[in-house]
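The sequence and structure are shown first.

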Amino acid sequence: AAGNANGAVILNNSLTGTHFTVSGLNLGTGDFTISVKIKMPTLTSKTDSSNYLFGIGNLKDAADGAFNLAFKKNGSYSQVRLRVNGGTQWANYAPHGEWVEYTVVREGNKLTVYVSPGCNNKGVQSLTVKEFTLTSDSSIDFTNCNLGFSSNIGCQDAGDYPIYYDDIMVFDYALYPLN
């Protein structure tokens, strides 16, 4: 793709764009795993979780049937937020300036977010994990959805750039990280 750096897709709000999507996924309401490596070179200046990383659905607030991950500045780290079916779960912190692997696993009515390496207010850890209980086994509907990736504010306005995406993997079953 135009704008890739060392094999990664770079979004920089210019010719290479502000977002990209993976279409043709039809995982229905079953289990899934989405794993992607993301590098945010600098700390965002936004303190309102308006920079989106990835998710499904057309609603920025992730109402029924959708989810997204977003981030905001909190101290010297990026705080990662999972928004699903109108609820919010803070998925701890991620460092900037290095590659971070984000994995979202849906198994039954449980959605789990893994951030590796993650952070807390004392610095970098090897892995952080947050779980979100869905209202039912069918409360995320991944039928004919696009999986979108961006750094857009509110899904439409330019966010913080550049941002790098690499090693995007989607599975139609629950696959848990080894570390």
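Is Lys110 buried, partly exposed or exposed? In this predicted model, Lys110 is partly exposed, with a relative accessible area of 28%.

## The Lys110–Glu131 salt bridge

Lys110 forms a salt bridge with Glu131, and the closest N and O atoms lie 3.8 Å apart. The pair links distant parts of the chain, since Lys110 belongs to strand β9 (residues 110-116) and Glu131 to strand β12 (residues 128-133), 21 residues apart. Glu131 is likewise partly exposed, at 47% relative accessibility.

## The Lys37–Asp167 salt bridge

Two salt bridges are found in a search of the whole structure. One of them joins the side chains of Lys37 and Asp167, with an N to O distance of 3.3 Å. Lys37 lies in strand β3 (residues 32-39) and Asp167 in strand β14 (residues 163-171), so this contact ties together parts that are 130 residues apart in sequence.

Lys37 is partly exposed, with a relative accessible area of 30%. Asp167 is also partly exposed, its relative accessible area being 38%.

## Strand pairing around β8

Strand β8 (residues 99-107) runs antiparallel to β3, and eight bridges join the two. Within this pairing, Ser35 has Thr103 in β8 as its bridge partner.

Strand β8 also runs antiparallel to β9, to which seven bridges join it. Here Glu107 has Lys110 in β9 as its bridge partner. The strands β8 and β9 form a hairpin with two residues between them. In the turn, Gly108 has a positive phi of about 60°.

Technical notes: Residues are numbered from 1 along each chain as its sequence is written. This is a predicted model: local features need pLDDT of at least 70, side-chain atom pairs count only at pLDDT 80 or more; totals for chains, interfaces and linings use all residues. Side-chain values use heavy atoms; hydrogens and water are left out. A salt bridge is a side-chain nitrogen of Lys or Arg within 4 Å of a carboxyl oxygen of Asp or Glu. Helices (H or I, at least four residues) and strands (E, at least two) are DSSP runs, numbered from the N terminus. Buried means under 20% relative accessible area, exposed over 50%, partly exposed in between (1.4 Å probe, protein chains only). Two strands pair if DSSP finds at least two bridges between them.
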